[in-house]
Amino acid sequence: MENEKRKIALSLIQPSGTITLGNYLGALKNWVDMQEKFDCIFALADLHTITVRQEPAKMRKNILDAYASILACGIDVEKSLFFIQSHVHTHAELAWILNCYTQFGELSRMTQFKDKSAKHADNINAGLFTYPALMAADILLYQADLVPVGADQVQHLELTRDIANRFNGLYPNVFKVPEAYVPKTGARVMSLQDPTRKMSKSDENVNGCVHLLDDADTIMRKFKRAVTDSEAVVRYAEGKDGINNLIDIYSTITGLSREQIEKDFDGKGYGDFKAAVGEAVVEHLKPIRAEYEKLIKDKAYLEECYRKADDIALRISQRTLSKAKKKIGFIL
Ligand code: TYM
């Protein structure tokens, strides 16, 4: 974190259940790669998870599982900050402030709010509505340049930029205006059972979603059952959502281009292709799962990692929070 000239990459993930292949390919894989080039700041967005009801014991388990899983993916605590959002009180504090610089109309337009309020019609709470202001606080507190996310978070990033620009317009030079960093492939991994919908932890059909910690047989079974089409030709084309999704997953994992994949599977059936995608995913996730099994047994080590990062995050974020408060007119 010493090198002043490096850009800052920052991102968070909700620890609300097991991490999915979508989370991994859309965001986490980039987090790992970005550590070489950027000063990286990552965190578990546990404050965001309570916009949906959580069971306390399960929530505690999910947070530790997510922390261990993300370390297992290759986040290196010697290179990057990796903390827990709720341990760093500046996030909630700046979120309140930013709420007062965010318009009702802007929040009403967020597609994630519309989707989630349709899904949880019995609990459309204010936190669900103002969630993007907390996300803006997460980002703006650290003067981040780049935010590696999947396509579904781009709208929230645009709102973050609007909030930052509005604030800076009133009180100059408080926030860096960040940019989204969306991967070319893997930004939108779709459900294996309904490839018109995003792969999601909350998928009702268990076969639609691959989890980072699924065992090899489960992963193979899910890919073998993946919904495709009746053309039986492995090519990327409009209307072939299932195959397009499998090609994208395979491409993101192997680094092969779409064209190369079409060539390699020319004349082969969907059965072969699905098995190849499944095997590539199994092989890629195998070391991650092994590392997770090791890390999750060492709670003391996990705690040492996040406590250290929490303290540093608090120090860094306090600078921006104080600056914002002073400019607004608070007495510090
Ligand atoms: P969350 O926890 O839903 O997802 C974490 C990351 O995974 C990406 N992602 C996907 N990418 C590709 N295909 C999919 N099917 C898929 N599903 C999820 C998401 O785009 C995200 O990058 N609000 C955020 C967490 C957050 C945050 C932040 C992110 C809180 N504060 C500040 C960036 C910066 C969320 O709920 O992500």
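This is a predicted model: local features need pLDDT of at least 70, side-chain atom pairs count only at pLDDT 80 or more; totals for chains, interfaces and linings use all residues.
A polar side-chain atom of aspartate 138 lies 2.6 Å from a nitrogen atom of the ligand. Residues are numbered from 1 along each chain as its sequence is written, and side-chain values use heavy atoms, with hydrogens and water left out.

For glutamine 14, a polar side-chain atom lies 2.8 Å from a ligand oxygen. For glycine 150, a backbone N or O atom lies 2.8 Å from an oxygen atom of the ligand. Taken alone, the ligand exposes 710 Å², and the protein buries 96% of that; the areas come from the Shrake-Rupley method with a 1.4 Å probe.

Which elements give two or more residues to the shell around the ligand? They are strand 1 (8-13), helix 1 (21-34) and helix 7 (126-140). Helices (H or I, at least four residues) and strands (E, at least two) are DSSP runs, numbered from the N terminus. The shell residues divide into 12 nonpolar, 9 polar and 4 charged; Asp, Glu, Lys and Arg count as charged, Ala, Val, Leu, Ile, Met, Phe, Trp, Tyr, Cys and Pro as nonpolar, and the others, Gly among them, as polar.

Let me turn to aspartate 145, found in the loop between helix 7 and strand 4 (146-148). Aspartate 145 is buried, with a relative accessible area of 17%, where buried means under 20% (1.4 Å probe, protein chains only). Its side chain and that of lysine 176 are joined by a polar contact of 2.9 Å, that is, a pair of N or O atoms within 3.5 Å, where within protein one must be able to donate a hydrogen and the other to accept it, and residues adjacent in sequence count only if both atoms are side-chain atoms.

Notes
Buried means under 20% relative accessible area, exposed over 50%, partly exposed in between (1.4 Å probe, protein chains only).
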